[in-house]
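Here's a quick tour of a protein model, picked apart piece by piece. Have the sequence and the 3D view open as you read.

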Amino acid sequence: MSDKLLVIHNNLEKLLDSKREAMPSNFNKTRFLQNCMTVLQDTKGIAQCDATSVARTMLKGAFLGLDFFNKECYAIVYGGSVQFQTDYKGEKKLAKKYSVRPVKDIYAKLVREGDDFQEEVTDGQQTISFAPKPFNDREIVGAFAVVLFHDGGMTYEAMSAAEIEKTRQDYSKQANGQAWTKSKGEMYKKTVLRRLCKNIELDFDTIEQAMAFEDSSDFDMNKEPKPQQQSPLNPEPVIIEGEFTEVTESEGDPVEAEQG
């Protein structure tokens, strides 16, 4: 273990001990530390990050009972700093565990060109039907998320690809980061699932868990959305990107903490 990782390990262990009461009941400190160190040793750019900041980022995963090694959450290096973000799998796990209304199942699906996705409201009851085309790898046109409750109830959210992309450009903390450029499908599913979770009452055990969950979102809804530019020849607003700068990894492109 490098000197930097040793410092991070020691800092994280102290934080875990000091926040013991905020951890989930089944939390295994030894396994969590081992998994964190395994992931961090293969994380590019971690040597340039502040050790205390890294430890506090990993602590958020501990509060929520998520595993970095199993890719339920990530430590993402961006411009010399590290940020915490949940994965789609982590979002599902949290919704199932902390929903006030017991959840039977929760999931998100991509809708591609050629798939049959329909929304209906019959006698005031909302229903959806989805018939994906087998082995469809055509363009993604949207995504939807569904939660099924043990009491027989169902709630869903659906977003078009254009709506997801606008949310990404206006509110994402890292709109051009590696999570979006290399795992677009997973980010689409996570985006619509996070919106669905706004309609699910989650009751976390501690304030630390609730804060970590808020911090884990890729989106900062307090950001000012990018203004639309309108041509005097066209009364309808048209979004025009004024500048484009390609940022390479060496210039601060975020890197997800991945094994191997």
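Let's start with Arg168, which is found in helix H5 (residues 161–171); helices (H or I, at least four residues) and strands (E, at least two) are DSSP runs, numbered from the N terminus. Keep in mind that this is a predicted model, where local features need pLDDT of at least 70 and side-chain atom pairs count only at pLDDT 80 or more, while totals for chains, interfaces and linings use all residues. Residues are numbered from 1 along each chain as its sequence is written, and side-chain values use heavy atoms, with hydrogens and water left out.

**Two residues up close**

- Arg168 is buried, with a relative accessible area of 9%; buried means under 20% relative accessible area, exposed over 50%, and partly exposed in between (1.4 Å probe, protein chains only).
- Leaving aside neighbours within four places in sequence, Arg168 is in contact with Ala175, Asn176, Trp180, Thr181 and Phe219, where contact means heavy atoms within 4.5 Å.
- Val141 sits in strand S6 (residues 140–149), and at 37% relative accessibility Val141 counts as partly exposed.
- Not counting residues up to four places away in sequence, Val141 touches Val111, Arg112, Glu113, Ser160 and Ala161.
- Val141 and Asp115 are 26 residues apart along the chain, and their C-alpha atoms are separated by 9.4 Å.

**The whole chain**

- The protein chain has 8 helices and 8 strands.
- Of its 260 residues, 43% count as buried.
- Take the contacts between residues at least 6 apart in sequence: 66% of them join residues at least 24 apart.

**The core**

- In soluble globular proteins, nonpolar side chains tend to be buried together.
- Here, the largest nonpolar core has 61 residues, and Leu12 and Phe68 have the most contacts inside it. (A nonpolar core is a set of buried Ala, Val, Leu, Ile, Met, Phe, Trp, Tyr and Cys residues joined through side-chain atoms within 4.5 Å.)
- Helix H3 (residues 51–64) gives the most to this core, with 8 residues.
- Not counting residues up to four places away in sequence, the residues that Phe68 touches include Phe32, Met58, Tyr74 and Phe84.

**How the helices pack**

- The axes of helix H1 (residues 3–18) and helix H2 (residues 29–40) come within 11 Å and cross at roughly 150°. (Axes are lines fitted to C-alpha atoms, for helices over the stretch in contact, and angles run from 0 to 180 degrees between N-to-C directions.)
- That makes H1 roughly antiparallel to H2; angles under 35 degrees count as roughly parallel, over 145 as roughly antiparallel, 65 to 115 as roughly perpendicular and the rest as oblique.
- By class, the contact of H1 with H2 has 9 nonpolar, 1 polar and 3 charged residues. (Ala, Val, Leu, Ile, Met, Phe, Trp, Tyr, Cys and Pro count as nonpolar, Asp, Glu, Lys and Arg as charged, and the others, Gly among them, as polar.)
- H1 and H3 pack at an angle of about 50°, with their axes 8 Å apart, so they are oblique to each other.
- On the H1 side, Leu12 is one of the residues making that contact, and on the H3 side Met58 is among them.
- The residues of the contact of H1 with H3 divide into 11 nonpolar, 2 polar and 2 charged.
- H3 also packs against helix H8 (residues 207–215) at an angle of about 120°, with their axes 9 Å apart, which makes H3 oblique to H8.
- In that pairing, Lys60, Phe63 and Leu64 of H3 meet Glu208, Gln209, Ala212, Phe213 and Asp215 of H8.
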